[in-house]
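Open the model in your viewer and keep the selection tool at hand. The stops below are meant to be taken in order.

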Amino acid sequence: MLLIPAIDLKDGHCVRLKQGDMDQATVFSEEPADMARHWLEQGARRLHLVDLNGAFAGKPKNEAAIKAIIKTVREYAEETDTEEVPVQLGGGIRDLDTIERYLNAGISYIIIGTAAVKSPGFLADACSAFPGQIIVGIDAKDGKVATDGWSKMSGHDVIDLAQKFEGYGVEAIIYTDIGRDGMMGGVNIDATVKLAQAVTVPVIASGGVHVLADVEALCAVQDEGVEGVICGRSIYEGTLDLFSAQERADELCGDLIYEEDEE
């Protein structure tokens with residue numbers, strides 16, 4: 001069970017939103033690259049970046065901050081003589097040129113959300129052009145998919161859409177319950193498991209993580225295909241300690257990925 005710190009970027013700063021509301025942004029750091037280093041020092045094995053301005057504008061808006069984070073990740077790997085931690089990025093990515101630019105800059109995985117729903121052909125093309133590097137983000141409430149920074153409900157059924165995207169060749173699915181994101185009320189385990197059981201690609205949970213018990217609950221369903229969880233407000237406000245929570249997850253799940261690598 002991979003615990004993935006979220007670094008949400010708004011106007012060049014690291015923020016957290018409540019239920020995707022740009023007017024309810026709490027600034028946690030003026031320097032996102034410093035925050036990235038902090039999470040690396042706390043044992044993060046992957047970072048999750050979101051260009052919030054980009055998500056609403058439909059084009060990249062925080063490239064400078066993103067490049068600074070990539071630079072920090074590389075420097076940290078050199079300083080500690082370790083592998084570079086993968087970085088996944090979403091928000092405002094609507095064309096193949098943008099994907100290629102970000103991947104060339106050092107991003108490991110591109111997350112496509114709204115564009116996947118509105119332009120499924122674009123998602124199919126992206127999966128074909130960049131195999132193994134495209135993750136689809138499905139944001140939902142009450143089983144229906146939301147788009148445009150959660151401002152619109154599409155009417156699409158989560159599972160139907162997820163199975164369609166799986167057929168295109170996505171690497172993983174990030175499933176966000178938008179009714180819980182930023183509210184720290186617990187993960188929607190039932191909906192996450194239902195989705196994971198319906199597809200064969202890994203599912204990464206997002207939205208609602210608050211305390212260690214939420215991580216433990218996810219570990220209990222890892223075998224259903226829930227591979228990781230994105231942690232936001234909980235690790236920023238201190239209700240969840242990233243280092244000890246990842247240790248606990250490793251104890252419960254067995255650090256299978258790393259054991260396989262060692263073999």
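This is a predicted model: local features need pLDDT of at least 70, side-chain atom pairs count only at pLDDT 80 or more; totals for chains, interfaces and linings use all residues.

Between which helix and which strand is the loop that holds Asp 81? Select Asp 81: its loop runs between helix H3 (63-80) and strand E5 (87-90).

**Stop 1: two aspartates with positive phi**

Stay on Asp 81 and check its backbone. Asp 81 has a positive phi of about 55° although it is not a glycine. Its relative accessible area is 72%, so Asp 81 counts as exposed, the cut-off being over 50%.

Now select Asp 142, which sits in the loop between E7 and E8. Asp 142 is not a glycine, yet its phi is positive, about 55°. Asp 142 is exposed, with a relative accessible area of 73%.

**Stop 2: the annotated positions**

Take Asp 8 by itself. Asp 8 belongs to strand E1 (residues 2-10). Is Asp 8 buried or exposed? Its relative accessible area is 8%, so Asp 8 is buried, the limit being under 20%. Show what surrounds it: leaving aside neighbours within four places in sequence, Asp 8 is in contact with His 13, Cys 14, Val 15, Arg 16, Val 50 and Leu 52.

Then move to Asp 139, which is in strand E7 (residues 134-141).

**Stop 3: the second largest cavity**

The model has two cavities of 30 Å³ or more. Which element gives the most? E8 does, with three residues.

**Stop 4: Asp 157**

Select Asp 157 in strand E9 (residues 152-157). With a relative accessible area of 30%, Asp 157 is partly exposed. Not counting residues up to four places away in sequence, Asp 157 touches Gly 143, Lys 144 and Val 145. A polar atom of the Asp 157 side chain lies 3.1 Å from the backbone nitrogen of Asp 160. For a distance across the model, draw a line from the C-alpha of Asp 157 to that of Tyr 109: the two are 25 Å apart in space and 48 residues apart in sequence.

**Stop 5: the buried face of H6**

Select helix H6 (residues 120-129), in which Phe 122, Leu 123, Ala 126 and Cys 127 are buried. Turn the view to look down the axis of H6: its buried residues fall within an arc of 135°, so they line one face of the helix. What do the buried residues of H6 pack against? Show helix H4 (96-105), strand E6 (109-112), helix H5 (114-118), E7 and helix H7 (158-168).

**Stop 6**

**Stop 7: two buried asparagines**

Select Asn 53 in helix H2 (residues 52-57). Asn 53 has a relative accessible area of 16%, so it is buried. Its side chain reaches the backbone nitrogen of Asp 11 at 2.7 Å. Asn 53 touches Leu 9, Lys 10, Asp 11, Met 22, Lys 61 and Asn 62, not counting residues up to four places away in sequence.

Finish at Asn 188, in the loop between strand E10 (172-177) and helix H8 (189-198). Asn 188 is buried, at a relative accessible area of 19%. What joins the side chains of Asn 188 and Asp 177? Display the pair to find a polar contact of 2.8 Å between the side chains of Asn 188 and Asp 177.

Terms used:
Residues are numbered from 1 along each chain as its sequence is written. Side-chain values use heavy atoms; hydrogens and water are left out. Helices (H or I, at least four residues) and strands (E, at least two) are DSSP runs, numbered from the N terminus. Buried means under 20% relative accessible area, exposed over 50%, partly exposed in between (1.4 Å probe, protein chains only). Contact means heavy atoms within 4.5 Å. A polar contact is a pair of N or O atoms within 3.5 Å; within protein, one must be able to donate a hydrogen and the other to accept it, and residues adjacent in sequence count only if both atoms are side-chain atoms. The arc is that of the directions from the helix axis to the C-beta atoms. On a 1 Å grid over the protein atoms alone, a cavity is a set of points where a 1.4 Å probe fits but cannot get out, and a pocket is an open set with protein on both sides within 12 Å along at least five of seven lines; lining residues have an atom within 4 Å of a point. Grid points are joined across faces, edges and corners, and a volume is the space filled by probe spheres set on the points.
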